[in-house]
Amino acid sequence: MDSKRSDKYCSLKHLCYILAVLLLSSCTWVKDENDDCPYGFWLNLHYTRNMLDVDAAAKCISEVSVFIYDSEGNFVSRVDVPQSTLAANKHRVRIEGLEEGDYQFVVWGGLSGRQYGLGGDKDKMDEFRLAVENSGATVSSRLQDLYYGYLKTVHYNDSYATHDVYMMKDTNQLACLVVQLSSDDPLSPDDYDMKLVSANGEMDIENDLVADKETTYMPFEKSSVTIDDIEYGKLQGVKYNLNTLRLMQDTDCRLILEKKDTGEKVFDISLPEYIGMLGSLYGNDGSPMPVQEYLDRQDFYTVVFVLSEDLNQLIQLQVNSWRLRAKNHLKL
């Protein structure tokens, strides 16, 4: 082989070697489910709107339904993602099969339990409604956790893209304890009815309350309880576990205790108002937090009512770690 042919052969061999290395170290043209190369259009779900301000999506959100609308708010399609797929994709949702264009994405988590129904005109984004079972009536079951997220108009095409969707929790649980100062006749859960009443049983596509009728939430559990109060010692009473949908500062949500035999009210208070009265609401970083942000971030409330022996006066109210002592005792 002459020198010129030898040089060409070596150059061609060297080029083939470089191409082989590049192919081995870069993304292949053929994609499969085990491919590490990024591709597709993905929604990356986060849940940081909580009291710890940490991303708890992997722990809290088990499945989601994605409602897809075009830029004009017309319904395009729905994608339901089960727990196994969501976990396998590290809480990312792949969207595929759309024509190139601009779309809006609304994500709800918790619809699989069938405790929530869809209403309104589902083909129009601004007429979409999501309601709890028996909205405007009575709910006595333990609700499945409900989460909401919204991604405003973004462009979809075949290029690789990820978009963050920040979720918030729409369900709240309350452990309501009613105890009284020393009494020979302690409260019994069978003698009283605890309920929570609010026009919050229905929401629109932007997660705002739109219900025109009040929904009554009854306890899904109740029991007798004894607590050790730091100031009043051992107290006996009753405990009611209830849940409710989103609490709003400007939407009344009344917590009511009634005597079962007569219907006489022991107390009837506005829960958001009493939470707002605490005045010292702070985030995980120690910064002041507006009441509505606190209501959106906090999802569990322990509410303790310390009543006088005759049940006519509120001696102390405790919400989570906050205590509110009624000055000169508050007539209920």
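## Ground rules

The model is predicted, so local features need pLDDT of at least 70 and side-chain atom pairs count only at pLDDT 80 or more, while totals for chains, interfaces and linings use all residues. Residues are numbered from 1 along each chain as its sequence is written, and side-chain values use heavy atoms, without hydrogens or water.

## The whole chain

The protein chain holds 22 strands and five helices. Both are DSSP runs, numbered from the N terminus: helices are H or I with at least four residues, strands E with at least two.

The chain has 332 residues, and 44% of them count as buried (under 20% relative accessible area, 1.4 Å probe, protein chains only). Take contacts (heavy atoms within 4.5 Å) between residues at least 6 apart in sequence: 64% join residues at least 24 apart.

## Two nonpolar cores

A nonpolar core is a set of buried Ala, Val, Leu, Ile, Met, Phe, Trp, Tyr and Cys residues joined through side-chain atoms within 4.5 Å. The largest has 54 residues. Trp108, Val178, Met194, Tyr301 and Phe305 touch the most other members. Strand β20 (residues 300-307) gives the most to this core: four residues.

A second, separate core has 25 residues, including Ile61, Val64, Ile95 and Phe105.

## A hairpin

Strands β18 (residues 253-259) and β19 (residues 265-270) pair in the antiparallel sense over five bridges. Pairing requires at least two DSSP bridges. Leu255 stands opposite Ile269 in β19.

Five residues lie between the two strands of this hairpin, where Gly263 takes a positive phi near 80°.

How values were computed
Buried < 20%, exposed > 50% of the residue type's maximum accessible area, 1.4 Å probe, protein only.
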